Amino acid sequence: MAAYADIIIDIAAPVLDRTFQYEVPAELQERAEVGSPVLVPFGNAKAPRRGYIVGLSDEPKVDRGKIKPIADIPERDLSIEDSLVALAYRIKRRYGGSLYDALRTVIPSRQKIAIVPKRKVRRAVTAEALAEVLRNLSKRETAKARLYGALLETEEIPYELVTGKLKITAAALSKAQEEGILIVAELDESESEPGEGLTVTLNEEQRSAADTVAASLGSGVFVLHGITGSGKTEVYLSVIERALASGKQVIVLIPEIALTYQTVLRFYRCFGDRVAFVHSKMPAGERYRMRERAKEGKISIMIGPRSALFTPFPNLGLIIVDEEHETSYRSELTPRYHAVDVAVERAGMCGATVVLGSATPSLETYYHCERGNYTLLTLSKRAKEGARLPRTEIVDLREELKAKNFSVISRRLRSAIEERLARHEQVMLFLNRRGYAGFVSCRACGYIARCPHCDISLTYHNDGTLRCHYCGHRVPYKKVCPECGSAYFLPFGKSGTQKIEELVEKEFPKARVLRMDADTTKAADDYEAILSDFAEGRGDILIGTQMIVKGHDFPNVTLVGALAADLSLGVADYGCAERTFDLLAQAAGRAGRDRIPGEVIIQTYRPDHYAITAAAEADYRAFYDTEIRYRRSFGYPPVRHMLTIVGGHRREETLERAMEELAACAREIAETAGASVIGPALPQMPKKNDMYFRVIYVKSGDIESLITVKDAAENWMHGSRGGVGLTFDVD
Ligand code: ADP
Ligand code: ZN
Ligand code: ZN
């Protein structure tokens, strides 16, 4: 039993943003747990203040004489909120920002809860009659087509799913009800729909994976590495069923973009009313209501994007993170936590099992497996009978240039598209332009200018220099390729999806072309509408950014084309090869999901880059081995940890001076803590909205030393050196 406790005081006051150590009197030691609410003397106040224990230890951190004893630990069971406070504290400690921010992330503020009846949308006519109505719809009635199509497949659908994920308005529903096609039924809160349970028989690999996880329920982190289409979801369902049977609750994290109607419905079918889902576009009151229902035990499975991780289940037994490699699991708001790591943290605190699923696990996750921290489970085959991995072909764009084909579509890809159109099969074309950053590459030989110190690509600046965004290294830009002497050594231009759409429409005038990117999906759930149009055959070619390659199931897609695989290879950070591999491997997973064999064509200027060849061969291991060697030799995560400190200010000179000072101060601390400091350097975006930015990187083999540097930098910032704002990012 611990003699000392770290305590945070009165959570409503953001100024008290640190812990204080107190002595735990012997008679209270039995009740002192992480998360326990306590009463402690504080400052000169007469009445004791409320606080929470966030850590326990046997050692005093300061002179024993200065440590006061805890006044009382009220005798009661810890509430779920109490333990979430402790989780918030750990998030703050690891990722920086204030405790107040961390608490708001974990425990959202109280909201008015609207009383919403439990409702279902039920089909009121026979399947045949509905199919007839569906056939007679005009092409423009896409919402109706979606709704009727869904009702044809499933007789009864939860109301929220129809209005939310299917994006059908309440008005449209009542109109359809008037027409006698469906009934919106109100259910009694006590009426419950148990779901059908598991309906498929797991194959050998799936069963073995599910059994291994189920046997360890209550602890452990498992990585379910299964190729696309290998049936990871069925494994989740099987494990969830067993967790529920033992009275536990379950959180399933799915990236927002993959949280489609089909996915949610699959869980509903299996588990009925015990399932709830949240998404970021849901009104705050609605999300709050879901939390309350979870706390009261009215639901047992919560599905949602990263914020669902903080669902207050009192008896959480299992956390599943699907597509765990997705970058959307990293929060862009302070604290910039990583949901995968926090899932592992929360599970460890409450005795739950974690399952991380992916076809392309993040390097960090796989590295944990290699080191024996996580257990690796593998699904190596596509689950559906007859479904095979697609054939993949790499097209060398340098050859196109030689053949005087300046189009973004190679000759090979063009003829493959024509074939598909003739056979009435579907095509997906994607452009991985995320993080496009003005890197310079040679179209004749594929050479990319890189920093000799950091081995990341250099970025073109308007002053005619190429610069490294890690260390500041710079060289003058010359239009001639240093490798082959060609005059095609140019900054990568912007060829957006819209331009490609125009081009495709011109080259294939008979094809129906759909486009999905940030512009066409501005409104909530727009992408859902485009996807279902495509899924239901109202388009021949779908063009889009990486959005289109995420976990959707289109049985009729037999060709996937990656237009310029190099775009994501040129991004100026150490993770770009990993993202390129992920995208290409995921894109390949979209083709040939059903019995018709699929084909993938990857266009690139660098046909022999390991990220591209490994993706083409669907060989994760080959990619991992090469990539981890590179990370090791340059000391990048996951081999070492890296803290990124971005400073911003309106005046460039003030910022530069302050960041130099901070870097010097960080170097001093880093030296004793065993870390190294790089910078200050220019970040990807050196100026934005009249704010200037500089960045400092700190690398270390041990995360604790980074936390030391981060805490020192936070203190330095609070000392307010000219008002420079800092944000922190770990790994
Ligand atoms: P993943 O998430 O691994 O990409 P899914 O879970 O979406 O794969 O499964 C792919 C397809 O295989 C789905 O249509 C699913 O219904 C089907 N499937 C999964 N497991 C089995 C099985 N044991 N037998 C037959 N079909 C299966
Ligand atoms: Zn060249
Ligand atoms: Zn560099």
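A polar side-chain atom of Thr 233 lies 3.0 Å from an oxygen atom of ligand 1. This is a predicted model: local features need pLDDT of at least 70, side-chain atom pairs count only at pLDDT 80 or more, and totals for chains, interfaces and linings use all residues. Residues are numbered from 1 along each chain as its sequence is written, chains are lettered from A and ligands numbered from 1 in the order in which they are written, and side-chain values use heavy atoms, without hydrogens and water.

**Ligand 1**

- Lys 384 also places a polar side-chain atom 3.5 Å from a ligand 1 oxygen atom. Polar contacts are pairs of N or O atoms within 3.5 Å.
- Gly 231 uses its backbone: an N or O atom there lies 3.1 Å from an oxygen atom of ligand 1.
- On its own, ligand 1 has 570 Å² of accessible area, and the protein covers 80% of this. Areas come from the Shrake-Rupley method with a 1.4 Å probe.
- There are 17 residues around ligand 1, and Thr 201, Gln 206, Gly 229, Lys 232 and Thr 233 come nearest. A residue counts as near if one of its heavy atoms lies within 4 Å.
- The shell has three nonpolar, eight polar and six charged residues. In this scheme Asp, Glu, Lys and Arg are charged, and Gly is among the polar residues.
- Helix 8 (residues 232-245) gives the most to this shell, with three residues. Helices are DSSP runs of H or I with at least four residues, and strands are runs of E with at least two.

- Four strands form an open, antiparallel sheet in the order 2-1-4-3. Two strands pair if DSSP finds at least two bridges between them.
- Strand 2 (20-23) and strand 3 (37-40) are the edges, each pairing on one side only.
- Strand 1 (residues 4-9) and strand 4 (residues 49-57) share six bridges in the antiparallel sense. Ala 5 stands opposite Leu 56 of strand 4.

**Strands 22 and 23**

- Strand 22 (residues 513-516) runs parallel to strand 23 (residues 541-544), joined by four bridges. Arg 515 has Ile 543 as its bridge partner in strand 23.
- Val 513 and Arg 515 point one way, Leu 514 and Met 516 the other, and all are buried. Buried means under 20% relative accessible area, with a 1.4 Å probe and protein chains only.

**Ala 308**

- Ala 308 sits in the loop between strand 11 (301-304) and strand 12 (316-321). Ala 308 is buried, with a relative accessible area of 2%.
- Gly 348 is 40 residues from Ala 308 in sequence and 17 Å away in space, C-alpha to C-alpha.

Technical notes
Buried < 20%, exposed > 50% of the residue type's maximum accessible area, 1.4 Å probe, protein only. Polar contact = N/O pair within 3.5 Å; in protein donor to acceptor, adjacent residues only side chain to side chain.
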